[in-house]
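Please examine the sequence and the coordinates shown below before reading the explanation.

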Amino acid sequence: MKNVIYIFLFISVNVAAQNSTQAVEETLNNWHLAAAEANYENYFNLMTEDAVFIGTDASENWQLIEFKSFSKPYFDKGKAWTFHPLERNIYFSKNYKTAWFDELLETDLGICRGSGVLTLTKEGWKIQHYILSITIPNENVSEIKELNQTHDTALLEILK
């Protein structure tokens with residue numbers, strides 16, 4: 001009897017993990033699709049009310065209301081941004097109410113990396129935190145550092 005209970009628990013946990021993974025995949029794919037289709041309502045409905053979007057520029061740490069204002073003109077023009085996932089890793093908290101992920105994306109900026117956190121809400125999975133990074137091959141870091149020097153120096157003065 002004890003073995004039957006363990007087997008049932010093992011199967012239940014695996015089914016929950018598989019269903020949760022599929023649901024998170026669907027949320028992220030729908031979010032990226034909403035941006036590609038410039039569907040403002042669908043895009044922001046997939047984010048929590050306290051969501052944060054961190055962009056590629058060091059100054060881009062957007063709280064949701066700011067990110068909506070920044071994004072609105074792009075969506076209004078009918079072209080926001082298009083991200084196609086190339087690979088994605090998803091992880092869960094023990095209670096399956098929080099997920100975190102990283103993804104490699106094909107974008108108009110080249111290959112980028114996205115990472116973030118989703119929270120399970122009454123309405124389903126929602127993005128609470130997202131970070132977009134432009135990938136830089138290690139052999140190009142010195143060039144990028146030199147390109148960014150003026151910008152970084154000015155931003156450091158503000159931040160210090």
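This is a predicted model: local features need pLDDT of at least 70, side-chain atom pairs count only at pLDDT 80 or more; totals for chains, interfaces and linings use all residues.

Residues are numbered from 1 along each chain as its sequence is written, and side-chain values use heavy atoms, with hydrogens and water left out.

The chain contains four helices and six strands, where helices (H or I, at least four residues) and strands (E, at least two) are DSSP runs numbered from the N terminus. Along the sequence these elements follow the pattern α-α-β-β-α-β-β-β-β-α. Among contacts with a separation of 6 or more, 46% join residues 24 or more positions apart; a contact means heavy atoms within 4.5 Å. The chain exposes about 10,700 Å², of which carbon and sulfur atoms supply 56%, with accessible areas taken from the Shrake-Rupley method with a 1.4 Å probe. Of the 160 residues, 31% count as buried, that is, under 20% relative accessible area (1.4 Å probe, protein chains only).

Helix 3 has 13 residues and reaches 17 Å from its first C-alpha to its last, close to the 18 Å expected at 1.5 Å a residue; the expected span is 1.5 Å times one less than the number of residues. The helix bends by about 35° at Phe-70, and Pro-73 follows within four residues. This bend is the angle between axes fitted to the seven residues ending there and the seven starting there. Leu-64, Phe-67, Ser-71 and Phe-75 are the buried residues of helix 3. Just after the helix, Gly-78 adopts a positive phi of about 85°.

Strand 3 (residues 84–92) and strand 4 (residues 98–107) pair in the antiparallel sense over eight bridges, pairing being assigned if DSSP finds at least two bridges between two strands. Ile-90 stands opposite Phe-101 in strand 4. Five residues lie between the strands of this hairpin, in which Tyr-96 takes a positive phi near 60°.

The largest nonpolar core has 31 residues, and Tyr-43, Met-47, Phe-75 and Tyr-130 have the most contacts inside it. Such a core is a set of buried Ala, Val, Leu, Ile, Met, Phe, Trp, Tyr and Cys residues joined through side-chain atoms within 4.5 Å. Elements that each supply at least two residues of this core include helix 3, strand 3 and strand 4, while the largest share, five residues, comes from helix 1. Beyond its neighbours within four places in sequence, Tyr-43 is in contact with Trp-31, Ala-34, Ala-35, Phe-53, Phe-67, Phe-75 and Trp-81.

How values were computed: Buried means under 20% relative accessible area, exposed over 50%, partly exposed in between (1.4 Å probe, protein chains only).
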